[in-house]
Each structure stands twice: as structure tokens, then as C-alpha cells.
Amino acid sequence: MKYLKQFCIILLISFLGELLHILIPLPIPASVYGLVLMLTALCTGILKLTQVRETADFLIEIMPVMFIPAAVGLLESWSALQPIWLPVIVVTVLTTIIVMAATGRVTQYMIHRSHRQKMKGADTP
Amino acid sequence: MKAYLADSVFFGAVISLAAYEAGLLIRRRFKLAVLNPLLIATVCVMAVLTLFKVEYRHYNEGARYISYLLTPATVCLAVPLYQQLMLLRKNLKAVAGGITAGVLASLASVFVLAKLFSLTHEQYVTLLPKSITTAIGMGVSEELGGISTITVAVIIVTGILGNVIAESVFKIFRIEEPIAKGLALGTASHAIGTAKAMELGEVEGAMSSLAIAVAGLMTVVGASLFANLM
């Protein structure tokens, strides 16, 4: 019964996220509201980790599968894409690499810098 | 045969799961990053649908029950994030700086490339939200006057591409910190990238989950500003 209860809690939070999505006129999906709600519930202790953990781990593990239907749906968008496919492909490939490199490098640089500062602080008491 | 497949509510789900299982098997066998299970599964399903002339809407009759789980699964991303909260607090500045840099790089590079290809305003705003999660990206595209079906297609391609190339990109740009890898995956290729981050490790997965939400929200604001540039 553990899994049923956990799944119920997760669906309840998804439902609350959906409710917020309908009530608040912003382009923010139910899933992002739900993620914030779940995090808040865990941080405030309203929800304990043990009350959702196994089912959450399972859902996250099978997440890639959930993208297959949408990805197969690309078959349908081909007619819309056809006239501009070349620029679209170039933009997609380049920006994906640029964003990944920029985010990773900047984060890494800032982590290393703060480590160095701490080291310096330790050297000069 | 065709009529039977069109009527079945299980066909779409079964073929999706089976194709993913096949993808996992192939990857285990050859251990190549291009042989991504999601990519293999997608191509396999497309091939079967084309071969048996099954329409997408018939396939989706069963497959949509898999998509249905996407919202609850995204909600669950809060769990690994919660488990890494201490790490997040300790590196708050670096995390904020990294995601901001990524979002700006995304918007600016789309702008520059759109200028280069002299795209129309409509095509430009269609591409602006390409790195963020589908549901937010679709809304942003519609709001700015883009073509949301193309936005969705580009978002999915971006996700799969990021999932496939991530490890090579990390190697080339010498990105080694788990926090940096996670944020890079989440900011560049949203939830599909996060699936990859989860494979890399707990820290990577948690940071990638965080990046989906934060980069998504930043892009809502950023894209509306960038939309006026062209």
C-alpha cells in the first residue's frame, strides 16, 4: 500500500499545481508549480521524504520514456518545419552547445573562485 | 492489421516501452553516446508507424498515457533537489551565476543567428524559448506571436540533442564539476537533458532539475525583452 499512498500524494501535488496554473495567468506550467509546492512541502516538514521517496525515484527513473510520444510527434510537425529546416537545425545545434558550455564554464569558474577565496582566508587568519 | 492497430489503446504504449527497452539493450551492447535510448526508441517508433501506415493520433491513443505521467514525474524532481539543498545553499552564487549566463547565452545566440539568417520576427520569437521545458516554451512562443508547433518541435530536438552530446561537450570544454554539469544540462536542454543528468549522478540530477525551473522562469522574462530587438 506504500506505493499507492505515495503516488496519491504526488498526484495530489500535481493537481494543486494544475489548479495554480488555471488560477494564475502566467505561462508557467502545472509541473513547475507542482515542483515548487513539493519542495516547499518537504522543506517545511509538511511532507516527509519517506512519504514520497520510492515512487518519486521510480517516476524519475522512467522519465526518458515519457518523452517518446512527444518526440514521435515530430513526424506531424515536419510540414511546418520544412520551409525553414536549415536555419532551424543550425540554430538548434549551435545554441545548444553554446548554452551548455556557457552555463557549465561560468558555474565551474565561480565554484573554483569561491574555493580559492576560502583557501586564502584560511591562510591569513 | 492496420484497423486493429488504429483501434487499440495499448499499441502505442507497448511499442513505446518496447522500443525504449531495445534502445537500452543496444546502448549496453555498443556503449556509444550517439546510441541514446530515447533517440533509438523515437526512430524505431517512427519507423514502425511509417511502415504500418499508422497515423500519429492512433498511436497517441495509447501513448498519451505515458505522457500523462510527465507532470507527476517533473513534480518529483523536487525530491533529489531537496536532498541536495545543503549543497545548493553552499554554492548559491555560482548556481545563480551559471543559470543566468546560460539563459542570456541562449537568448543572445538565437538573436545573433536569427539576424545572420535574416529570419522574420515570427520565426525569431518561435526559436527564442527553444532551451526551456515544453510547457513554458509553448506559452512563451504563443504570447510573443510565434508558431508554437514549431517551438515544441525545436524544444524536443534541443532536448534529445543535449542528451546525446552532453558528455562530449563536457569533455571538450573541460567541465568537470558535477554542479556545473547538472546546471548545463538543465539550462541547455530542460527535462530531457535532466534525464541524462540523473544518469550521471545525484548532484547532477538535482542541479539539472533546479535549472529547468529557474531557467524556464528567467526565459519568460528574458524572451519578452529580447523579442523587441528584432
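## Contacts of A:Ile68 and the core

In this predicted model, A:Ile68 is in contact, once its neighbours within four places in sequence are set aside, with B:Ser16, B:Tyr20, B:Leu38, B:Ala41, B:Thr42, B:Val45 and B:Ile66. A:Ile68 also belongs to the largest nonpolar core, which holds 113 residues, and together with B:Cys76, B:Ala78 and B:Leu128 it touches the most other members. The largest share of this core comes from helix H11 of chain B (residues 148–172), which supplies 14 residues.

## The interface between the chains

Taken over the whole model, 65 residues of chain A are in contact with 88 residues of chain B. On the side of chain B that touches chain A, H11(B) again gives the most, with 14 residues, and the residues of that side divide by class into 59 nonpolar, 23 polar and six charged.

## Packing of H11(B) against H12(B)

H11(B) packs against helix H12 of chain B (residues 178–200) with the axes 7 Å apart and an angle of about 140° between them, so H11(B) is oblique to H12(B). The crossing of these two helices is left-handed. Among the residues that make the contact are B:Gly159, B:Gly162, B:Ala166 and B:Phe170 from H11(B), and B:Leu185, B:Ala188, B:Gly193 and B:Lys196 from H12(B); by class, the contact has nine nonpolar, seven polar and two charged residues.

Helix H10 of chain B (residues 134–144) is mostly covered, with nine of its 11 residues buried, including B:Ile136, B:Met138, B:Val140 and B:Leu144. The cover over the buried residues of H10(B) draws on both chains, and includes helix H2 (30–44) and helix H5 (68–72) of chain A as well as helix H9 (121–127), H11 and helix H13 (202–226) of chain B. Just after H10(B), B:Gly145 takes a positive phi of about 90°.

## Positive phi outside glycine

B:Lys53, a residue other than glycine, has a positive phi near 50°; B:Lys53 is found in the loop between helix H3 (37–51) and helix H4 (56–67) of chain B. Because 10 other C-beta atoms lie within 10 Å, B:Lys53 is exposed.

B:Ser118, likewise not a glycine, has a positive phi near 35° and is found in the loop between helix H8 (92–116) and H9 of chain B. Its C-beta count within 10 Å is 10, and therefore B:Ser118 is exposed.

Notes: Residues are numbered from 1 along each chain as its sequence is written. Chains are lettered from A and ligands numbered from 1 in the order in which they are written. This is a predicted model: local features need pLDDT of at least 70, side-chain atom pairs count only at pLDDT 80 or more; totals for chains, interfaces and linings use all residues. A nonpolar core is a set of buried Ala, Val, Leu, Ile, Met, Phe, Trp, Tyr and Cys residues joined through C-beta atoms within 7 Å. A residue is buried if 20 or more other C-beta atoms lie within 10 Å of its own, exposed if 12 or fewer, and partly exposed in between; C-beta atoms are placed from the backbone. Helices (H or I, at least four residues) and strands (E, at least two) are DSSP runs, numbered from the N terminus. Two residues are in contact if their C-beta atoms, placed from the backbone, lie within 7 Å. Ala, Val, Leu, Ile, Met, Phe, Trp, Tyr, Cys and Pro count as nonpolar, Asp, Glu, Lys and Arg as charged, and the others, Gly among them, as polar. Axes are lines fitted to C-alpha atoms, for helices over the stretch in contact, and angles run from 0 to 180 degrees between N-to-C directions. Angles under 35 degrees count as roughly parallel, over 145 as roughly antiparallel, 65 to 115 as roughly perpendicular and the rest as oblique. A crossing is left-handed if the near helix is turned anticlockwise from the far one by less than a right angle, and right-handed if clockwise.
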